[in-house]
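Welcome, and please open your viewer. We will go from stop to stop, selecting a few residues at each one.

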Amino acid sequence: MARETTVTVNTLPSMDFETRIFPHIGGYGRYNRLVVLFSWFPNFAVMLNLFCDVFFTHIPESYHCKPDPQLLPSTFLPSNFSRQGYLNLTIPWVNGSGLSHCELFKYPSNTSDFSEKVHRETVSCTVGWDYAHVAGLQSNFVTEWNLVCSDFWKIPLQHICFMTGWILGYILLGTLCDWLGRRRCFLLSISLSSLLGVVVCLSSSAVVFLLLRLSQGVMLAGVFVSSYIARLELCDPPNRLMVAMISSFFSVIAELLLPGIAVLCRDWPVLQAVATLPQLLLLSYWCCVSVFPESPRWLMATAQIPQLKRSLLEFSTRNGVCLRDEIYPGETLLSEIDTAFGEDCQPRYFSILELRQTRVIWKNCLILSFTLFIGTGIQYCFTRNLHTYSSNFYFSYFLRVMTGALACVFICLSVNHFGRRGMLLLSAIITGLSSLLLLALTQYLRGGLVLVFSVVGLLFSQALAMLSVLFACEVMPTVVRGGCLGLVLAAGCVGLAASSLMELQNNGGYFLHHVIFSSFAVLSVLSIMLLPESKRKPLPDSLKEGENQRRPPLLLPRPDRDDLPLLSTRPLLSEYNPDNYSRLVSATRKMLTKESLPYRIDVPMQAPLLSDSETQSQEDGTLKEGMS
């Protein structure tokens, strides 16, 4: 029998929020639904800014050097040639791709022969490039600063810098969520993100654009993680899945609207300004405290009792539940909180450094970081196959968006029936199989089968990523939920940045990239089995509750199997219930200390039968008789 190890974690006095507090403030009432509704809008604003990067860094399908008259002989007259003839004389022709992207012809200064027989040098572009129509935009980050040919490496570098900002934001601002609270972190992030979004429109060089996008990525990550945690902490277990998936549908809507917005904006600074506009509207949350309040679950987990009481009164009032009358035992919530935490309980805040004292929480965080890393990183392998099937930008873009929407539908229909862990396992298996089949059989399969396997792999890899984020938010305790979820999301951004590393090397390591992520997808199947199941279970609040989560058996026991022990080890049930007793004590104390009671007990004032001196002399006489 395996020896169990005990891990000591620092805990605070606590109550079961799901059963002792949540029902008494109205549960998932109308006010909770209203707050959740307003928490979906930040998701739309964040995703709009995230996917703008696709249009900012899109390379035009066709471009070539601008002809330089200085490289032509003085006897050359452009008016004697057509536009296409002029280009053919000045720009080399590359078989299979048309006019050269990066070279020009340089003629001898004294020649008058412009045929192919004359000796011509090839030099790099000297006066810029002519670009064809960019997808959705007339100008973007690439065409603004000519990031092609020798400067092509700056495009994947920009994406890497943007993802680096998200990684730093998830880790730093996720931890800040556990220190300052969900609302304060959200307001800080949305304010700075809006400011940086406006400043990005005024970028004067590629370097300034890189730095500003990195900084904006940090703040956008804070907006996402704080709003994601806040909405799930206001839900009861049956509604958590749908609330999370509706927020994903808001992301899909942002992706679907973005190409049309880009066509209307035409220039990248205008598109950046339009993408920043929803963030500016979200600044109204500063004034409207009721649309994005502080999470009462986090206030209770960190023992901020005065703020918790005010928050509970706010939620109960807006949900139509009264907590003021505490005469009856069913309405003693505030007094129970006083009894559970005591009068001199001090708030305490936790950080991800507390994970050093845990094992189960750290294991869950590591596994879900691994699965999210795979889910985001392997998508590059599938989208690259889409590019080989069709080079049209909108084909791969909308196909990826539609697979994301189908992944949301798949999760909504299956996860509540089969559990988080089971569907995460299925998504990892299908993702790994699709990747392995494409890796081994691409050269033997027809184009249609390659497209089918790529679409299936893309669908389930996105489902794997969405489920990993939801699963991480559900199994991490409230006191460190922001920091732990930030670590998991940061691992997902590392997977996204891996695709840019391949482009930085001109796809030189694509085969190795595909092999590594396919192997990781297969290995993740074994690690997913170690996760607990969070379907319809309350969120853990303390580190102790997070450590007590255990994985369920993979197979259900047979109903005909006799599992009765030889000796009964269950302790005898006691009639004493400490919860009911504490409620009775709290209600009685409140009744006795209340100033205005519905009745008054009158005690008749009677004079004592004996005075103090007579009583004392009588006691002395009795004492002497006893001694004699």
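Which residues does L485 touch, not counting residues up to four places away in sequence? Select L485 and you will find V225, Y228, I229, V469, A472 and C473 in contact with it (contact means heavy atoms within 4.5 Å).

A note before moving on: this is a predicted model, where local features need pLDDT of at least 70, side-chain atom pairs count only at pLDDT 80 or more, and totals for chains, interfaces and linings use all residues. Residues are numbered from 1 along each chain as its sequence is written, and side-chain values use heavy atoms, with hydrogens and water left out.

Next, select W166, Y170, Y228, L271, I337, I411 and L485: of the 164 residues in the largest nonpolar core, these touch the most other members. Such a core is a set of buried Ala, Val, Leu, Ile, Met, Phe, Trp, Tyr and Cys residues joined through side-chain atoms within 4.5 Å; buried means under 20% relative accessible area, with a 1.4 Å probe and protein chains only. Now colour helix α17 (residues 447–475), which gives the most to this core, with 16 residues. Helices are DSSP runs of H or I, at least four residues, numbered from the N terminus. Apart from this core lies another, of five residues, including L72, Y86, F105 and Y107.

Move to S247 in helix α8 (residues 240–265). S247 is buried, at 2% relative accessible area, and touches W40, N43 and R231, again leaving out residues up to four places away in sequence.

Finish at T358, in the loop between α12 (333–341) and α13 (360–377). T358 is buried too, at 6%, and its side chain reaches the backbone oxygen of L355 at 2.9 Å.

Definitions and conventions. Helix = DSSP H or I, 4+ residues; strand = E, 2+ residues; numbered from the N terminus. Buried < 20%, exposed > 50% of the residue type's maximum accessible area, 1.4 Å probe, protein only. Polar contact = N/O pair within 3.5 Å; in protein donor to acceptor, adjacent residues only side chain to side chain.
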